[in-house]
Amino acid sequence: MNILGLVLFALVLGVALKKLGSEGEDLIRFFNSLNEATMVLVSWIMCSATLPSMMKCIEENNGVDKRISRFILPIGATVNMDGAAIFQCVAAVFIAQLNNVELNAGQIFTILVTATASSVGAAGVPAGGVLTIAIILEAIGLPTHDLSLILAVDWIVDRTTTVVNVEGDALGAGILHHLNQKATKKGEQELTEVKVEAIPNCKSEEETSPLVTHQNPPGPVANAPELESKESVL
């Protein structure tokens, strides 16, 4: 049950495989394929999925730009697990109080750090946060057999944590959409307010250019015979 040690070993192994370069790419591709296959199996079991429903609601109901929602929401669904982190901290403190264990400052800090780190890597499946509670309990030296008490109420608590997670992702996407619209309007306003000041040139009327086509001024135009008669008199 040393899950924290397994997580640390996985992190170090990943760094080592990355350092190997081309020699470690085969094993990295194997783990990636295994992860994708596992997610396909989970998608077959889960039809009621959170991310597609959240995208549909945010884009159609809230009017968030698709470019923003489809960039922010997948990241938030993977990283922003604030509801799960709160639940794991409360569950660890509950089990500690159940066993009459007084937590010191170091243990509380360990709970906070471990809950934050484990919630980021928690699987986005029902009851996915129960296993990460075992990591926290193992880190602070509490018995893990009390997880059965959490499993009894996890089916309803998991829904509340999902609401907190989804709400945080939706607020982040909405705020970014608002800031993007504000910046776009400001840029358009600056473009419309651009003014060009022209300094009048008095000599421009006297100067002529062969490229300029002059037009006759408006008014009555003298007939050609009259002009010829004037020239003959002169």
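Glu25 and Arg29 both belong to helix α2 (residues 25–45), where they stand 4 residues apart, about one turn of the helix. In this predicted model, their side chains meet in a salt bridge with an N to O distance of 3.7 Å. Glu25 is partly exposed, at a relative accessible area of 38%, and Arg29 is likewise partly exposed, at 45%. The pair also takes part in a network of salt bridges that links Glu25, Asp26 and Arg29.

The structure holds 4 salt bridges. The table lists some of them, including the pair just described.

| Side chains | N to O distance |
|---|---|
| Glu25 and Arg29 | 3.7 Å |
| Glu59 and Arg70 | 3.1 Å |
| Arg67 and Asp65 | 2.8 Å |

The side chains of Glu59 and Arg70 meet at 3.1 Å. This pair links distant parts of the chain: Glu59 lies in helix α3 (residues 50–60) and Arg70 in helix α4 (residues 66–79), 11 residues apart. Glu59 counts as buried because its relative accessibility is 16%, below the limit of 20%. Arg67, the partner of Asp65, counts as exposed, with a relative accessibility of 68%.

Asp146 is buried yet has no salt bridge. The nearest side chain of opposite charge, that of Arg159, is 22 Å away. Leaving aside residues up to four places away in sequence, Asp146 touches Ile95 and Asn99.

Definitions and conventions
Residues numbered from 1 in each chain as written. Predicted model: local features only at pLDDT ≥ 70, side-chain atom pairs only at ≥ 80, totals over all residues. Heavy atoms only, no water. Buried < 20%, exposed > 50% of the residue type's maximum accessible area, 1.4 Å probe, protein only. Lys, Arg positive; Asp, Glu negative; His and termini not counted. Contact = heavy atoms within 4.5 Å. Helix = DSSP H or I, 4+ residues; strand = E, 2+ residues; numbered from the N terminus.
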